[in-house]
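This report covers helix packing, nonpolar cores, backbone exceptions and a few selected residues. Please look over the model before reading on.

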Amino acid sequence: MVEKKKSPNLEKLSILVVDDVKSMRLTIRKMLKNLNLGRTLNFAENGRKGMEILKSHTVDLAIIDFDMPVMDGAQMLSEIRKDKALRDMPVIMITAEAKRDLVYDVAETDIDAYILKPLTLQLLDSKIRTVVEHAANPDPATIHTQQARDLEETGDIEGAIEQVKLALGFKPSASKLIRKLGLLYQKLGEMTTAIKCLKKAVQVNPDDAVTRYLLGRIYRDRGDIQLAATYFLEVMGLTSKYNDEAIRLGKTLLEQGMNKMAIKVFSKAIATSRKSLNIKELVADICLDYEEFSYARRLLESIISEVPSRYDTVYKAGVVYHVLGEEDKALEQFLIVDSHQSTRIDVKLEIARIYLERNQVFQADDYLNRVLRKDPKNEQALAMRQSL
């Protein structure tokens, strides 16, 4: 049985507060003074400055804002947990709203507590007392988990496995512990047991995005792209952090002719992305490369409806309409681009080509002349001129 240590003197704590808003730093400072918590208070306006203080000062507790420039709270927390000298320090995250990716970060980077704004004296006092007490007197599962971490770092994987199993004796439904067990078995090369552990982890925790992501990667690397996509779809329902990998998986699905599943993956990535317009453009280009024209058309039309002045996109839409045999729509798009970007030879060639296909010789000749005035040796224009 672990002997309980004496709780630290909260009045003598060294506390770091990291927030990009000066008024918020001052508010927290006033609260800490009113609560008589902390003898030494340090302040920083972003995560990078906060890390500099942690590297040069002794700090017992960090209170970090989630949304900050330069280095945000999640990035700073990740740096803290990777540093052997800092990783067991208690951290409280403050945020204005319970964003989906914050929930992910809370689960995956071992935030000791997080507080939704607005702050109150009572809530801040309660959170600080709880996390400091837990850091001083961790529960048995935490102790075994830390011992497993230390053993793994020395290369004793089997010893680490035994410590994780002991931790699971105290927290049998902790998906992170079950996942860790799976990853340790993976290091030993025991993939059947590893996958079994990872699948159990996702069964006990419907919000475990990381384990689903790991399973998706395993099945992708094994060539089971369909099952990999199934896991990535679940992941994107929980966090957008792996959307880039999901899009690359969608590209692989197209390569293997699994277009319907690819479109499901692409659609989910677009729906959950913060920059959906850029993602739509990227996915549309991928679809054009693999001749998935119908879905590319939907994406391009959506982009144009939001930003009609993206003339490169309008041009791509014209190309897609042309491929799909919708000549009127194709010509309409090319004429729009030509009216705003009159120096583009590629657009004039497309317009001339459509007029030729329609036997509208005068109009075709007009656009070919425009091309040849700019580029007298243009081979495409000369070839079309010969066909007149």
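Which residues does Phe-266 touch, not counting residues up to four places away in sequence?

## Basis

This is a predicted model: local features need pLDDT of at least 70, side-chain atom pairs count only at pLDDT 80 or more, and totals for chains, interfaces and linings use all residues. Residues are numbered from 1 along each chain as its sequence is written, and side-chain values use heavy atoms, with hydrogens and water left out.

Helices (H or I, at least four residues) and strands (E, at least two) are DSSP runs, numbered from the N terminus. Contact means heavy atoms within 4.5 Å. Buried means under 20% relative accessible area, exposed over 50%, and partly exposed in between (1.4 Å probe, protein chains only).

## Nonpolar cores

Phe-266 touches Ile-247, Gly-250, Lys-251, Leu-254, Val-283, Ile-286, Cys-287 and Tyr-295, with residues up to four places away in sequence not counted. Phe-266 belongs to the largest nonpolar core, which has 64 residues. A nonpolar core is a set of buried Ala, Val, Leu, Ile, Met, Phe, Trp, Tyr and Cys residues joined through side-chain atoms within 4.5 Å. Leu-253, Phe-266, Val-283 and Tyr-295 touch the most other members of this core.

In soluble globular proteins, nonpolar side chains tend to be buried together.

## Helix H8 and its partners

Two packed helices are described by the angle between their axes and the distance between the axes. Here axes are lines fitted to C-alpha atoms, for helices over the stretch in contact; angles run from 0 to 180 degrees between N-to-C directions. Helices H8 (residues 175-187) and H9 (residues 191-204) have axes that come within 7 Å and cross at roughly 165 degrees. H8 is therefore roughly antiparallel to H9. Angles under 35 degrees count as roughly parallel, over 145 as roughly antiparallel, 65 to 115 as roughly perpendicular and the rest as oblique. The H8 and H9 crossing is left-handed, meaning that the near helix is turned anticlockwise from the far one by less than a right angle. On the H8 side, the contact includes Ile-178, Leu-181 and Tyr-185. On the H9 side, it includes Ala-194, Leu-198 and Val-204. By class, this contact has 9 nonpolar, 4 polar and 2 charged residues. Ala, Val, Leu, Ile, Met, Phe, Trp, Tyr, Cys and Pro count as nonpolar, Asp, Glu, Lys and Arg as charged, and the others, Gly among them, as polar.

H8 also packs with H10 (residues 209-221): their axes come within 11 Å and cross at roughly 30 degrees. That makes H8 roughly parallel to H10. This crossing, too, is left-handed. Arg-179, Leu-183 and Gln-186 of H8 meet Val-210, Thr-211, Leu-214 and Ile-218 of H10. The classes are 4 nonpolar, 2 polar and 1 charged.

## Charged residues

Lys-280 sits in helix H14 (residues 276-289). Its relative accessibility is 11%, so Lys-280 counts as buried. Beyond its neighbours within four places in sequence, Lys-280 contacts Ile-270, Leu-299, Ser-302, Ile-303 and Glu-306. Glu-292 lies in the loop between H14 and helix H15 (293-306). Glu-292 is buried, with a relative accessible area of 11%. Leaving out residues up to four places away in sequence, Glu-292 touches Leu-254, Asn-259, Ile-263 and Cys-287. Glu-292 and Gly-257 are 35 residues apart in sequence, and their C-alpha atoms are 9.9 Å apart.

Lys-180 is in H8. At 28% relative accessibility, Lys-180 counts as partly exposed. Lys-180 touches Glu-152 and Val-164, not counting residues up to four places away in sequence.

## Backbone exceptions

Most residues other than glycine have a negative phi, and most peptide bonds are trans. Asn-36 has a positive phi, near 60 degrees. Asn-36 lies in the loop between helix H1 (22-35) and strand S2 (40-44), and is partly exposed at 42% relative accessibility. Asn-359 has a positive phi of about 65 degrees. Its place is the loop between helix H18 (345-357) and helix H19 (361-374). Asn-359 is exposed, with a relative accessible area of 64%.

The Lys-117 to Pro-118 peptide bond is cis, with omega near 5 degrees. Pro-118 is in the loop between strand S5 (113-116) and helix H5 (121-136).
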